[in-house]
There are 2 protein chains.
Amino acid sequence: MASMGSRIVSLLTTGKYAPAINFARRFSVSHQQWSRQAKVGFIGLGLMGGPMAVNLIQKGHSVVVYDLSSKATEHLQDEGAEVAKSPAEVASKADRIISMLPNSEHVRTCYTADDGVFQSVLAGTLILDSSTIDPNVSKEMAALAVKKGAVFMDAPVSGGVPAAKGGTLTFMVGGEEQEFEAARELLSAMGKNIVLCGRVGSGQAVKICNNMLLAITMIGVSETMNLGMRLGLDPKVMAGTINTATGRCWSSDTYNPVPGVLPNVPSANDYQGGFLTALMLKDLGLAQNAAIATNSPTPLGAVAHQIYKLMSNTYLSERDFSSVFRFLQEPQKKEEDN
Amino acid sequence: MASMGSRIVSLLTTGKYAPAINFARRFSVSHQQWSRQAKVGFIGLGLMGGPMAVNLIQKGHSVVVYDLSSKATEHLQDEGAEVAKSPAEVASKADRIISMLPNSEHVRTCYTADDGVFQSVLAGTLILDSSTIDPNVSKEMAALAVKKGAVFMDAPVSGGVPAAKGGTLTFMVGGEEQEFEAARELLSAMGKNIVLCGRVGSGQAVKICNNMLLAITMIGVSETMNLGMRLGLDPKVMAGTINTATGRCWSSDTYNPVPGVLPNVPSANDYQGGFLTALMLKDLGLAQNAAIATNSPTPLGAVAHQIYKLMSNTYLSERDFSSVFRFLQEPQKKEEDN
């Protein structure tokens, strides 16, 4: 993987693609020579992508969008976006493209299909993919972009739907340092923390590593709190002690999975909303893929993956991932909707 | 367990043991009627107990000590302590007793043997056991203390040897609220955070729950950092991102296990010092005992126990527990001392 990344990097940094770029765009995209009138393409208008695209429009960008759902595109049209009929049409009209798609295969299709972005992408285009996918797929797309004289960076997000709506997302960016300023300028219309994590694929790598650790700490807090409560401890006293001791973590002090310990978290609302178990399962699968590909031992990550797999066979699949506390508890007395 | 705790509590709170207490001590120990000239007994003068006892002396307490090691007692004698020949002799001379012993069996022997504390404990004595042991053993000792008209509270610590020396330990106390003030007054000679966690055994319960979560987060951070590094990420950049994101935890932001990420932690010093793998293994065994006794699922805690068990078969047994990062890494190039 490292050597593949290095090859891409050397293509990017030695300027081998530069001759393919037309006069107006022959410099690095970081030179910000785009016209303010040029369009930003946005592909994927779901729960996250929809509000992100709206923020772009509200910050003054001219936006052309594509989504399979006509309901989604109509909503963006009402907000002032132009609607394209395919990713290829988006690419033909934009010199910056953002995509926000569910998984690796959606991304591959969006870029490489017959009506995909790479059919008509303009040389010099800056592509930012905010999907959470396999880092290898990000590298693959970056290599294909180079052949078109475009630049592809991975830029997955954290913060969820509330941060997408509020324009306060964290973007974890993988790409070349000399292109980062251009990416940062565009992404700051949708987020407040824009972090360069390394070369292409690094944003994905940080995201899936962070989320693997998040799953581990969430399960760890859940089993610890359940054990302590069965030993007779008061959950608030226990959380209060842990939060000032060495067990301290975000899953305990900010997003505690035990109902009643914290207000305004999903556990206080029957685990409605938040970050779905099904999505955590997807991220843990990506982490396990990466662990296998790099021959890395992840004993707790592997068990976490299995636990979320088992949870996803229940009604908790569509609840917040902190519902692992309920999954570990004794059988619920009331029948749950299933 | 809960019902056993409740029985002890009702004995304590209904005052059934009060008639056995002599005139001078017929009130709750929390009335602080001890003479300032009365002695504090201290049993167990190891790496933790030694400096704790020294702090008691330096804060003006008159102290009588016992330890199997004559070297340990001689050191305390030099500091001004009286030396007893047995736990029973300590008990005959003190109206407050603190014990700091390696494990449950040591505690049982210290209190119940022929020359143990309960052979000669004075009615009204306040006993604080700072060992980290099975909460059931704490409850068992508390029940026996009641029969002698004494009060037993569990008061395990966190902070390690540096905090023991500096008098900045955190004490997690299990016992009755009306006795807590007396315990707090004495313990504050050796620590700065004295937390009442609940009834007897609760201090142990919080301690082993916290340490189980600590082991889980430390292994989780180690496998996450190792995976990310193998994906090509810079460990400092990765830790920096995680520490401001949802994977944030003490094991990452305060005690990072990857050499070079943080200064002044054991990983920066070849994992020397700190909290030994062998001790974490002990605490994880206590957590698993508690989980089995209460029928609590602890999938990650069980794997963590096994990992520290495997580590303890290597030279890492006597290194800091954060050396789990090294355990997960690829085989070391240099031969390690074994």
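Of the 338 residues of chain A, 59% count as buried, where buried means under 20% relative accessible area, exposed over 50% and partly exposed in between, with a 1.4 Å probe and protein chains only. This is a predicted model, in which local features need pLDDT of at least 70 and side-chain atom pairs count only at pLDDT 80 or more, whereas totals for chains, interfaces and linings use all residues. Residues are numbered from 1 along each chain as its sequence is written, chains are lettered from A and ligands numbered from 1 in the order in which they are written, and side-chain values use heavy atoms, with hydrogens and water left out.

Begin by selecting the whole of chain A and colouring by secondary structure: there are 14 helices and nine strands, taken as DSSP runs (helices H or I, at least four residues; strands E, at least two) and numbered from the N terminus. Among contacts in chain A with a separation of 6 or more, 65% are made by residues 24 or more positions apart, a contact being heavy atoms within 4.5 Å.

Now select helix α9 (residues 202-230) of chain A, where Leu227(A) is found. Leu227(A) is buried at a relative accessible area of 0%, and the residues of the other chain that Leu227(A) touches include Cys209(B), Met212(B), Ala287(B) and Thr298(B).

Stay in helix α9 and move to Lys207(A), where UniProt, in an unreviewed entry, places the feature "active site"; such annotations may be inferred rather than shown by experiment. Lys207(A) is buried, with a relative accessible area of 9%, and among the residues that Lys207(A) touches are Thr132(A), Pro156(A), Met172(A) and Asp283(A).

Finish at Ser312(A), in the loop between α13 (299-311) and α14 (324-328) of chain A. Ser312(A) counts as buried at 19% relative accessibility, and, leaving aside residues up to four places away in sequence, touches Thr277(A), Leu281(A) and Ser317(A).
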